[in-house]
2 protein chains.
Amino acid sequence: MELEKITKVESRASRRYEDACGAAHALDLVGERWALLVIRELMLGPKRFSDLRADLPGISANVLTQRLEGLEEAGVLVRRKLAPPASTQVYELTPWGYEAEPIFQALGRWAARSPRHDPSLPLSDVSLLLSFRTMADPVRMRGVKMRIGLRLRRGGYCVRVGGGSLDVSRDSLEDVDLVIAGAPPAIAAAVYGGVPLAQLETEGALAIEGEHGLAERFIGLFALPPKVGD
Amino acid sequence: MELEKITKVESRASRRYEDACGAAHALDLVGERWALLVIRELMLGPKRFSDLRADLPGISANVLTQRLEGLEEAGVLVRRKLAPPASTQVYELTPWGYEAEPIFQALGRWAARSPRHDPSLPLSDVSLLLSFRTMADPVRMRGVKMRIGLRLRRGGYCVRVGGGSLDVSRDSLEDVDLVIAGAPPAIAAAVYGGVPLAQLETEGALAIEGEHGLAERFIGLFALPPKVGD
DNA sequence: CGGCATCCGGGAAGATACTG
DNA sequence: CAGTATCTTCCCGGATGCCG
């Protein structure tokens, strides 16, 4: 057991980049496969093991366990036991963990220009909401004030636009001007793919509860960068 | 041979995150081990295979070959043959590849707060220069105008401060106000570690050609974020 | 069922030696 | 100098099973 631990530590050490560069150290911490996506899924609040598994298509249970251990050891997240009677264990980012969001924004903005980016793949609730924070255009938000509710697979979120910025929270859908209900890929198709709302509604992929004009204005707040070569 | 190709393609596909999230796609492109560090080393201009190998402590030749192939296929870099009589082959980022710099800035800023960050590890020329671009404080640069030359192991660089921003280029050391010569870790110790210039000079780790006061002012332009817990 | 340990097969990374 | 070939080690992914 002790020997096992030692060899484990040694192998970990030998697999780190021996590099003082901050980016290299970041990759030592979160560069393993799935690590950043686990953090992404926790960016809007704590989740349980099984929620993480369900929201990360393709991760296996043992890898998720390993990543959670490593990220906890690195100080990126903590395990927390909810007060009874819930008593379930959740994983929650530390304040420093939450500060990783610019990493996702930089990665996302850069990859959005990739010729190979395939928007038809599955998209998690959190990914969609984070993309709003990343892709909202400050110029287009100037003078706009609205509260949009999103009813996604795993719950409700509220997007508040005002004061030239955009705020997102996992929230009930009280006091919103409009609710958009649907799966994340459908909403992404409307927001980023230019697919008309009417078409998505007749297909049953999406439902709008409120004024359509407001939904159109909401969609107009976001802009993808042009693909490489354009 | 054909079978080999097919299995290779299949394995590649199965190892991608099937996720429309931009960050996930970025990791499909540059998430493999060493890939981002290869890009980092090319951020300030093209390099040869052996230079990359020398500047990436610990990468092996076959992995470097694979990463260069993959990054070329992804459109992040191109192989270019220099005109005769040089005739050596170099690897150069595409314009889109150069746009990856915010990724390094986000990673670096975040990891700089890590309790485990060890600044005494080796540091490449490019890492040091990129850290200047990342960590220069716009407030402190206000009204400052200077041209600092750096003579590092692998050549000369010029850091131009002016108009509230900082510019870096691989360049000769003509027309600079000051030259700092030394190994990147020593310069980092002065800039980020608070080690006095005089001490580094007497140790022979660093040499200043010009006014010391100017060097001190240059060093004062940079600030690391506080560590987690401070 | 949620969380985790264990075993196994395949494939990626690492080290070293070798070649045009 | 710029890689290729080969071998070993280790990580990832899948399946199974344990336990509260």
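Colleague: How many salt bridges are counted between domain 1 of chain A and domain 2 of chain A?

Modeller: This is a predicted model, and its chain A is assigned domain 1 (2–104) and domain 2 (120–219). One salt bridge in the structure joins the side chains of Arg154(A) and Asp51(A), N to O at 3.3 Å. Between domain 1 of chain A and domain 2 of chain A, the count of salt bridges is three.

Colleague: How many residue pairs are in polar contact across the interface of domain 1 of chain A and domain 2 of chain A, and which element gives the most residues to the side of domain 1?

Modeller: Across this interface, seven residue pairs are in polar contact, with both residues at pLDDT 80 or more.

Colleague: What area do domain 1 of chain A and domain 2 of chain A bury between them?

Modeller: The size of an interface is often given as the accessible area lost when the parts come together. In this case, 53% of the buried area is on carbon and sulfur atoms. The area that the two domains of chain A bury between them is about 1100 Å².

Colleague: Is Trp34(A) buried or exposed?

Modeller: Trp34(A) is placed in the loop between α2 (22–30) and α3 (35–42) of chain A. Its phi is near 80°, a positive value in a residue other than glycine. Since buried means under 20% relative accessible area, the value of 8% makes Trp34(A) buried.

Colleague: What is the relative accessible area of Trp34(B)?

Modeller: In chain B, Trp34(B) is in the loop between α2 (22–30) and α3 (35–42). Although it is not a glycine, Trp34(B) has a positive phi of about 80°. Trp34(B) is buried, and its relative accessible area is 9%.

Colleague: Which backbone oxygen does the side chain of His117(B) reach?

Modeller: His117(B) is found in the loop between α7 (101–111) and α8 (125–135) of chain B, and is buried, with a relative accessible area of 18%. Not counting residues up to four places away in sequence, the residues that His117(B) touches include Cys21(A), Gly22(A) and His25(A) of chain A, together with Ala111(B), Ala112(B) and Lys227(B) of chain B. At 2.8 Å, the side chain of His117(B) reaches the backbone oxygen of Ala20(A).

Colleague: What distance separates the C-alpha atoms of Ala207(A) and Pro102(A)?

Modeller: Ala207(A) lies in strand β7 (residues 206–209) of chain A and is partly exposed, with a relative accessible area of 33%. Beyond its neighbours within four places in sequence, Ala207(A) is in contact with Val179(A), Ile180(A), Ala181(A) and Glu201(A). Pro102(A) is 105 residues from Ala207(A) along the chain, and their C-alpha atoms are separated by 31 Å.

How values were computed
Residues are numbered from 1 along each chain as its sequence is written. Chains are lettered from A and ligands numbered from 1 in the order in which they are written. This is a predicted model: local features need pLDDT of at least 70, side-chain atom pairs count only at pLDDT 80 or more; totals for chains, interfaces and linings use all residues. Side-chain values use heavy atoms; hydrogens and water are left out. Helices (H or I, at least four residues) and strands (E, at least two) are DSSP runs, numbered from the N terminus. Buried means under 20% relative accessible area, exposed over 50%, partly exposed in between (1.4 Å probe, protein chains only). Domain bounds come from an automatic or database domain assignment. Buried area is the accessible area (1.4 Å probe) that two parts lose on being put together, summed over both. A salt bridge is a side-chain nitrogen of Lys or Arg within 4 Å of a carboxyl oxygen of Asp or Glu. A polar contact is a pair of N or O atoms within 3.5 Å; within protein, one must be able to donate a hydrogen and the other to accept it, and residues adjacent in sequence count only if both atoms are side-chain atoms. Contact means heavy atoms within 4.5 Å.
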